[in-house]
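Welcome! Please take a look at the structure below, and then let's walk through it together.

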Protein chains: 2
Amino acid sequence: MTVSRIVNNKGSISEETRKKVLESIKELDYKPNILARSLVMKESRFITIVLPDIANPFFSEMVKEAEDIARRNKYIILLGDTEGRKEIEKEYSEAAINRMSDGIILVAPRMDDESIIKINDKIPMVLVDRPIECKDIAQINIDNFTGAVLAMEHLIGLDHKQIGFLSGSRDISASLEREEGYVKTLKKYDMTSRNKLIIEGDWSLKSGRDAFDIFFSSQPVPTAIFASNDLMALGLIQRAQEMNIKIPEDLSIIGFDDISMAALVNPPLTTIRQPRLKMGKIAIELLINKLQKKSDIKNNILLKNELIIRNSTGKIA
Amino acid sequence: MTVSRIVNNKGSISEETRKKVLESIKELDYKPNILARSLVMKESRFITIVLPDIANPFFSEMVKEAEDIARRNKYIILLGDTEGRKEIEKEYSEAAINRMSDGIILVAPRMDDESIIKINDKIPMVLVDRPIECKDIAQINIDNFTGAVLAMEHLIGLDHKQIGFLSGSRDISASLEREEGYVKTLKKYDMTSRNKLIIEGDWSLKSGRDAFDIFFSSQPVPTAIFASNDLMALGLIQRAQEMNIKIPEDLSIIGFDDISMAALVNPPLTTIRQPRLKMGKIAIELLINKLQKKSDIKNNILLKNELIIRNSTGKIA
DNA sequence: TTGTAGGCGTTATCAA
DNA sequence: TTGATAACGCCTACAA
């Protein structure tokens with residue numbers, strides 16, 4: 001008990017015993033067992049982050065931001081990479097509970113409402129990028145629809161008439177919201193939306209490459225393509241260059257995300273910047289506030305996107 | 001106790017009570033507390049991974065690989081991002097011990113030998129990319145020297161006579177090993193190594209940009225540059241293009257790492273591929289084997305690099 | 001087949 | 001200022 005008091009700087013201890021104990025601690029290289037402490041305190045200072053793909057710069061940059069803030073607040077991150085699979089999303093959420101995580105940041109685009117609500121009942125949660133109609137759940141979302149409108153108006157402003165859309169997986173709401181932005185903007189400007197101009201990808205670079213071939217083997221050939229994320233946009237560019245299609249002279253391409261790579265490729269990619277650092281920061285801060293039961297908590301945050309114009313888009317020749 | 005037996009499928013239980021208990025478990029939504037179990041079992045099934053930068057694709061791809069294997073083996077990853085700072089490397093290593101991590105994968109290029117040995121005494125460890133003279137420590141290293149020789153011989157084979165070297169931070173052994181490869185290869189081919197042709201960067205893209213200006217403001221101007229990592233190589237390319245220096249016609253550039261971006265930039269980057277997926281895989285497997293006390297453990301693994309020729313290098317014009 | 005006692009390494013509480 | 005006791009939720013060992 002005396003040792004405990006000294007380690008935690010609690011209660012009053014005589015200088016003499018403090019010295020003796022500290023000496024022994026050094027000598028024995030004693031380290032307190034935080035797990036045992038957690039058991040008593042009912043607080044582990046673990047925070048679990050569940051996300052689809054840590055190798056995707058979008059998420060790894062988000063995690064880095066969150067991790068830094070967590071560390072400063074004496075929390076440590078448990079990492080769960082789900083590969084976008086529902087079962088693993090659930091597996092890690094369970095693990096967060098079983099292992100007494102104090103809280104969870106859930107980026108689980110495929111999880112069903114019911115499961116999310118269940119988890120929220122068991123453990124303090126911040127839900128990211130997966131809108132749900134439920135006032136009790138803290139959530140951070142991105143205005144995908146408006147972001148897509150931004151992208152489309154940029155292309156339309158450049159006089160493009162045939163604009164293709166490369167969607168992400170259609171079982172994810174973010175993807176559908178962006179598609180809605182595409183369709184509605186076309187309608188707004190009285191431009192026919194033909195099905196041929198929409199292709200479903202799976203967020204991967206390869207699916208961008210594959211999509212290019214489909215776009216260019218059917219009529220009408222687009223003069224601009226709006227890709228639902230940067231990785232697919234890069235795939236489009238890659239394949240276009242292989243086929244000697246010049247960007248932006250022959251084809252304009254706009255992405256979505258603004259991963260750090262976007263500025264580095266050639267030509268630098270015009271894209272819709274998602275505030276991913278901010279997402280990581282806000283998510284972890286929101287969660288920590290929740291854990292410390294601060295009262296003034298905003299529970300539902302919608303972040304804005306920003307159009308970043310680089311060189312992959314231009315007027316049609 | 002009966003519940004424990006049922007949850008863990010141990011001992012014999014009558015069908016009747018098993019049913020009743022399982023029912024109650026569902027009803028109460030009971031979840032066993034793994035932390036409490038860890039305390040008794042002296043096994044947490046946590047594995048801590050400490051690394052310099054999770055936002056760097058090199059590490060995030062490594063982690064992804066490790067994470068996947070960990071999950072299949074019922075381990076869960078504790079993540080520590082050190083930003084390359086010594087204090088944080090230590091902080092997280094301590095945390096791994098305090099929190100009863102079963103093991104630690106340490107990518108801590110700046111940590112001193114003594115600290116590493118101390119940690120190894122306290123917790124099963126696999127040390128990555130930080131060679132140390134100590135037979136008791138399991139380590140996975142990359143043959144930086146030979147990798148650098150590979151790069152240099154490629155450039156020399158293209159008839160370059162003035163080859164610049166852009167090193168990483170000189171307080172990291174991997175960086176010095178690559179520099180040694182540069183210097184010794186020059187010697188081997190009787191090419192003078194002048195100090196002016198060596199510049200120290202800090203691994204960042206920006207330091208590549210800055211280095212370009214220094215290389216091109218002093219004599220002799222190099223016809224080829226070997227950059228100690230891809231990020232700096234990309235910085236060189238970026239700045240070269242801004243200055244209307246053509247790659248590879250006017251200047252050849254070779255990198256080191258083969259991050260996924262390397263293939264995507266324009267021109268695609270010639271580089272030395274480090275087997276980072278393999279590193280993640282081997283590191284976690286080595287550690288898990290260690291934890292399960294398999295006997296046939298190789299303790300010191302040296303991985304080979306591979307020259308990937310793309311379009312950023314060529315014969316001098 | 002089930003249940004009881006004891007202990008894992010801490011901390012809160014109360015007594016000395 | 002210090003120390004004894006009980007408790008956190010689980011598992012091992014043994015008893016019923």
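The crossing of α3(A) and α3(B) is left-handed, where left-handed means that the near helix is turned anticlockwise from the far one by less than a right angle. Helices here are DSSP runs of H or I with at least four residues, numbered from the N terminus. The axes of the pair, α3(A) and α3(B), come within 9 Å and cross at roughly 135°; axes are lines fitted to C-alpha atoms over the stretch in contact, with angles from 0 to 180 degrees between N-to-C directions. α3(A) and α3(B) are therefore oblique to each other, as angles under 35 degrees count as roughly parallel, over 145 as roughly antiparallel, 65 to 115 as roughly perpendicular and the rest as oblique.

In this pairing, L35(A), A36(A), S38(A) and L39(A) meet L35(B), A36(B), S38(B) and L39(B), with contact meaning heavy atoms within 4.5 Å.

## Around the DNA

DNA strand C is surrounded by 22 residues, each with a heavy atom within 4 Å of the strand. S4(A), N33(A), R5(B), S12(B) and T17(B) are the closest. With four residues, α3(A) gives the most to this surface near DNA strand C.

An N or O atom in the side chain of R5(B) is 2.6 Å from a base nitrogen of DNA strand C. For S14(B), a side-chain N or O atom is 2.8 Å from a phosphate oxygen of DNA strand C.

## About the model

This is a predicted model, in which local features need pLDDT of at least 70, side-chain atom pairs count only at pLDDT 80 or more, and totals for chains, interfaces and linings use all residues. Residues are numbered from 1 along each chain as its sequence is written, chains are lettered from A and ligands numbered from 1 in the order in which they are written, and side-chain values use heavy atoms, leaving out hydrogens and water.

Conventions:
A polar contact is a pair of N or O atoms within 3.5 Å; within protein, one must be able to donate a hydrogen and the other to accept it, and residues adjacent in sequence count only if both atoms are side-chain atoms. Helices (H or I, at least four residues) and strands (E, at least two) are DSSP runs, numbered from the N terminus.
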